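Please look through the structure below with this briefing beside it.

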Amino acid sequence: MAAVPGGRRSGTAAGARFFCTAGRGLEPFLMREVRSRLAATQVEYISGKVFFTTCSDLNMLKKLKSAERLFLLIKKQLPFNVSSVSKGKIFNEMQRLTNDDPESWLNAISIWKNLLELDAKKVKLSQKNANPLKRKVGENDIIAKKLKTAQMQEIQENKECQMEKQIEEETLEQGNFTTKRDKSQEELQNDVAEAVDTQKQNDLTFRVSCRCSGAIVKTFTAQEVGRVIGIALMKQFGWKADLRNPNLEIFIHLSDIYCVVGIPVFRTSKTMLNNSGESGQPCLVPDLRGNGFSFSPLRTMLAVGLSYTAFIMLRVPLASRAYIKTAGLRSTIAWAMASLAEIKAGAVVLDPMCGLGTILLEAAKEWPDVYYMGADVSDSQLLGACDNLKAAGLKDKIELLKASVIELPLPSESVDTIISDIPFGKKFKLGKDIKHIIQEMERVLRVGGTIVLLLSEDHHRRLKSCEESSVPLNSKGSCKDKPGSTECLNPEEKAAISEPASSSFAASNQECLDRMPPFGSLVPVECYRVSLGKTDALIYKYKKSHSPGQ
């Protein structure tokens, strides 16, 4: 699948095709976000990836909060059959990724360059407007120069008038010659521009990053696949391989259900360096493997016609938050939880086990006109949270207090929303305390308020056993469990679930909700199973239906 259907295009006027990687279980959050934030169309998913088309620029794409990394899509197709054919035939099939449809690669490269160049122009414009005083002084200097120029022009005016007749006569005599010369120069300029564009393509350096999963791992290594694709690209386009500091990275993921090829848009470094020095000077650039910095000629950065500033600033992965000094809960999970909480302007939002304050930071950045509170019993955690608030510039937006979640110093029904990651693991053994924790949250939450909790499987079991007098669940909640299941694959491509099929998130599998009865006045309305790396967890959303005791 080409990045943009049809002929070669420049920019994203017709919409470019992207995909984002997401933590397992966060696909429905990302699908909703790209639709609302980017007005995306053709939204579909496979496990761990969401595909979409949008006309948005990089400034908007940077704002995605539930995605890990962003890629410009080159191809998405059915997987390679590794069970019944020889290794050589599969290598030939891999080479066809580049040989059969080179236009899709050229389209993607063109869009990639235009995105970066447009973003660089916006950065330069913002830097130019950043200092009004300096701009004002510059304007005064320009006015003074114009006055001086006007005086000089007045002196020269008489001489120019005397020469006008002579110039007119010479122009008439040389008119035909000038016309022919202009045409020749125009043709020459076109030839030069075409040659420069070809030279830029030939000078482009690249590397291939490959990920293999499923049955293909038993037949090929990622290095073998990367080598095959790399050789095909060099033969097809004349690009040069550079494993250390390439202009371009090609990402390919081969699995049992799909083959995806794309260009990473944001990379691994948070550093943006200004354009300093002429072409050919050694400049400090981030190492692509995230191992610090290395020296490289500036001409390498300019090989594909990109400004140095643009190349450096585009190396930030979406999941990396520049405003978080010390990471706690993964930011994508924290944002997803906050997005479920129905936060409204003027509301009171509490995290009674705030830790380093990641959830509050994510919420305050997205929904600023809210009163936020964070509580924790640990002095070290509160100090870390305070440092994070200062780094994010949110110290005045979020109030921190030392308090136990079992004895919150708050009046009953004084909070509109509660969002919290309930600690679990070997370090935190809450045991039966989970019941008292939820009861205290229930007490301070107003009727109609929302609680969003991140629970372990053990928490889930204990909460279920705590409520002995559970009533049948009448809510219309839904469980978004295992969204990457291959049984729901699009019958046409069998590699992604399309936009209409995404409604299966809300329509199928209410198992985790059915297993969780109401807890007192708290009624579960939504449940998502998400991956935390080595373990899974459950995001539960509750609504308070009435005051306790009624």
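A residue counts as buried when its relative accessible area is under 20%, as exposed when that area is over 50%, and as partly exposed in between, with a 1.4 Å probe and protein chains only. This is a predicted model, in which local features need pLDDT of at least 70 and side-chain atom pairs count only at pLDDT 80 or more, while totals for chains, interfaces and linings use all residues. Residues are numbered from 1 along each chain as its sequence is written, and side-chain values use heavy atoms, with hydrogens and water left out. Helices (H or I, at least four residues) and strands (E, at least two) are DSSP runs, numbered from the N terminus.

**Helix packing**

- Two packed helices are described by the angle between their axes and the distance between the axes; here axes are lines fitted to C-alpha atoms, for helices over the stretch in contact, and angles run from 0 to 180 degrees between N-to-C directions.
- The axes of helix 10 (residues 331-340) and helix 11 (residues 358-366) come within 8 Å of each other and cross at roughly 60 degrees, which makes helix 10 oblique to helix 11 (angles under 35 degrees count as roughly parallel, over 145 as roughly antiparallel, 65 to 115 as roughly perpendicular and the rest as oblique).
- In this contact (heavy atoms within 4.5 Å), helix 10 contributes Ser-331, Ala-334, Trp-335, Met-337 and Ala-338, and helix 11 contributes Thr-358, Ile-359, Glu-362, Ala-363 and Glu-366.
- The axes of helix 1 (residues 27-38) and helix 10 come within 11 Å and cross at roughly 70 degrees, and that makes helix 1 roughly perpendicular to helix 10.
- The contact between these two is made by Phe-29, Arg-32, Glu-33 and Arg-37 of helix 1, together with Trp-335, Ala-336, Ser-339 and Leu-340 of helix 10.

**The cover around helix 11**

- Helix 11 is mostly covered, since seven of its nine residues are buried, and these are Thr-358, Ile-359, Leu-360, Leu-361, Glu-362, Ala-363 and Ala-364.
- Among the elements that the buried residues of helix 11 pack against are helix 10, strand 11 (348-351), strand 12 (371-376) and helix 12 (379-392).

**Charged pairs**

- Side chains of opposite charge can pair when their charged atoms come close, and the structure holds 20 salt bridges (a side-chain nitrogen of Lys or Arg within 4 Å of a carboxyl oxygen of Asp or Glu).
- Glu-44 is buried, with a relative accessible area of 8%, and Lys-76 counts as buried at 3% relative accessibility.
- Another salt bridge brings together the side chains of Lys-87 and Glu-224 at 3.2 Å, N to O; Lys-87 lies in helix 3 (residues 87-99) and Glu-224 in helix 7 (residues 222-237), so this pair ties together parts that are 137 residues apart in sequence.
- Lys-87 counts as partly exposed, at 36% relative accessibility.
- The side chains of Glu-413 and Lys-544 also meet in a salt bridge, at 4.0 Å, N to O, where Glu-413 is partly exposed with a relative accessible area of 35%, whereas Lys-544 counts as buried at 2% relative accessibility.
- Salt bridges that share partners join Glu-342, Glu-526, Lys-541 and Lys-543 into one network.
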